[in-house]
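Please look over the sequence and the model shown below before reading on.

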Amino acid sequence: MSWFKREDADFEPGPSNGSSGGEKTVRTEGLWVKCLGCRQTIWKAELEANLNVCPKCQHHFKLSARQRIDSLLEPGYELVDTGLRSTDPLNFTDVKPYKQRLRTAQESTGLSDAILNATGCLGRHEVVLSAMEYAFIGGSMGAVVGETIARAVDRARLGRKPLIVVAASGGARMMEGVVSLMQMAKISTALAQLDDARVPYICVLTDPTTGGVTASFAMLGDLNIAEPGALIGFAGPRVIEQTIRQKLPEGFQRSEFLLEKGFLDAIVPRPRLKSYLVRALDFLKVPAV
Ligand SMILES: [Zn+2]
């Protein structure tokens with residue numbers, strides 16, 4: 001027996017169930033989103049105008065790589081290093097072939113992999129910006145992501161422009177096995193050279209930044225700053241609890257907890273991120289050679 005029965009059967013069906021809705025029906029799907037923070041319904045246009053931050057509770061929704069670059073750089077920036085494609089070195093298949101996953105992700109995001117490099121101006125500073133795309137296989141780092149970031153680092157070093165990386169990643173890309181793990185060492189080496197050249201590097205950690213990305217370039221900035229409430233960690237909480245056989249504290253692996261424990265330099269809400277970076281770059285001058 002059902003607990004609810006509609007008494008009047010003559011309601012107008014929407015267009016989604018196949019029957020013609022007539023002129024009176026307005027398609028509203030996709031105009032509203034439910035906030036994951038305060039559970040309130042927000043108008044999508046209002047959310048987008050506020051850089052995908054909930055106007056009611058300040059919950060930070062994810063931003064795509066392209067939106068991130070648009071939010072930070074002045075118009076007229078240039079996308080660079082866009083031609084790289086993964087070759088699927090292990091010919092890997094889990095529930096579906098890795099080649100197929102790549103194709104689907106490329107079609108849905110319009111990107112060749114989970115990263116976009118750009119050069120342009122952040123306020124009055126010429127910078128190299130590398131932004132990760134979480135919608136592309138969880139922002140995982142394979143050979144293409146690793147190489148693209150390494151090229152951004154080299155570009156920053158050779159052009160003596162500060163480097164900003166916006167991390168959003170589930171970690172190394174398991175479909176590329178050891179090739180993905182190698183990227184950690186490659187990028188870290190390039191960053192050491194950048195440090196020797198005394199060119200500043202700022203990493204912005206967004207929700208989520210985990211695994212091999214946290215364990216390499218995301219924690220190697222001259223400044224490591226995060227967005228509020230971002231999940232940042234290496235292994236997941238369940239794995240850690242089972243390993244150390246202890247209950248983890250409240251708020252573990254969130255940016256606020258990491259700031260308190262000294263792992264981060266600052267937490268900056270997204271609407272203030274650009275002005276914060278401009279001021280940080282005023283301070284971290286690139287010395288002349
Ligand atoms: Zn909210």
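Which residue forms a salt bridge with D154? The partner is R157, and the closest N and O atoms are 3.5 Å apart. A salt bridge is defined here as a side-chain nitrogen of Lys or Arg within 4 Å of a carboxyl oxygen of Asp or Glu.

The model is a predicted one, in which local features need pLDDT of at least 70, side-chain atom pairs count only at pLDDT 80 or more, and totals for chains, interfaces and linings use all residues. Residues are numbered from 1 along each chain as its sequence is written, and side-chain values use heavy atoms, with hydrogens and water left out.

**Salt bridges**

- By the rule given above, the count comes to 16 salt bridges.
- Side chains of opposite charge can pair when their charged atoms come close.
- R157 and D154 are 3 residues apart in helix α4, so about one helical turn separates them. Helices (H or I, at least four residues) and strands (E, at least two) are DSSP runs, numbered from the N terminus.
- R157 is partly exposed at 24% relative accessibility, and D154 is partly exposed at 27%. The terms used here are buried for under 20% relative accessible area, exposed for over 50%, and partly exposed for values in between (1.4 Å probe, protein chains only).
- E147 forms a salt bridge with K186, with 2.8 Å between the closest N and O atoms. Because E147 lies in helix α4 (residues 143-159) and K186 in helix α5 (residues 177-196), this pair ties together parts that are 39 residues apart in sequence.
- E147 has a relative accessible area of 25% and is partly exposed; K186, at 25% relative accessibility, also counts as partly exposed.
- D282 and R124 meet through their side chains in a salt bridge (2.6 Å, N to O). This pair links distant parts of the chain, 158 residues apart: D282 is in helix α9, and R124 is in the loop between β4 (115-122) and β5 (125-132).
- D282 is partly exposed, at 25% relative accessible area, whereas R124 is exposed, at 61% relative accessibility.

**Helix α9**

- Helix α9 covers residues 270-283, and its 14 residues should span 20 Å at 1.5 Å a residue; the end C-alpha atoms are 20 Å apart, which agrees. The expected span of a helix is 1.5 Å times one less than its number of residues.
- The buried residues of α9 are R270, L273, Y276, L277, V278, A280 and L281.

**The sheet**

- An open sheet of 7 strands has the order β3-β4-β5-β6-β7-β8-β9, with mixed pairing. Two strands pair if DSSP finds at least two bridges between them.
- The edge strands, β3 (78-80) and β9 (266-267), each pair on one side only.
- β3 and β4 run antiparallel and are joined by 3 bridges. L79 has A118 in β4 as its bridge partner.

**Backbone features**

- Most residues other than glycine have a negative phi, and most peptide bonds are trans.
- The peptide bond from D207 to P208 is cis, with omega near -10°. P208 is in strand β7 (residues 201-209).
- D81 is not a glycine, yet has a positive phi of about 55°. D81 lies in the loop between β3 and α3 (98-109) and counts as buried at 17% relative accessibility.
- I137, a residue other than glycine, has a positive phi near 45°. I137 is in the loop between β5 and α4.

**A loop residue: A235**

- A235 is in the loop between β8 (223-226) and α7 (237-244) and is partly exposed, at 28% relative accessibility.
- Leaving aside residues up to four places away in sequence, A235 touches I240 and Q253, where contact means heavy atoms within 4.5 Å.
- A235 and T210 are 25 residues apart along the chain, and their C-alpha atoms are separated by 7.2 Å.
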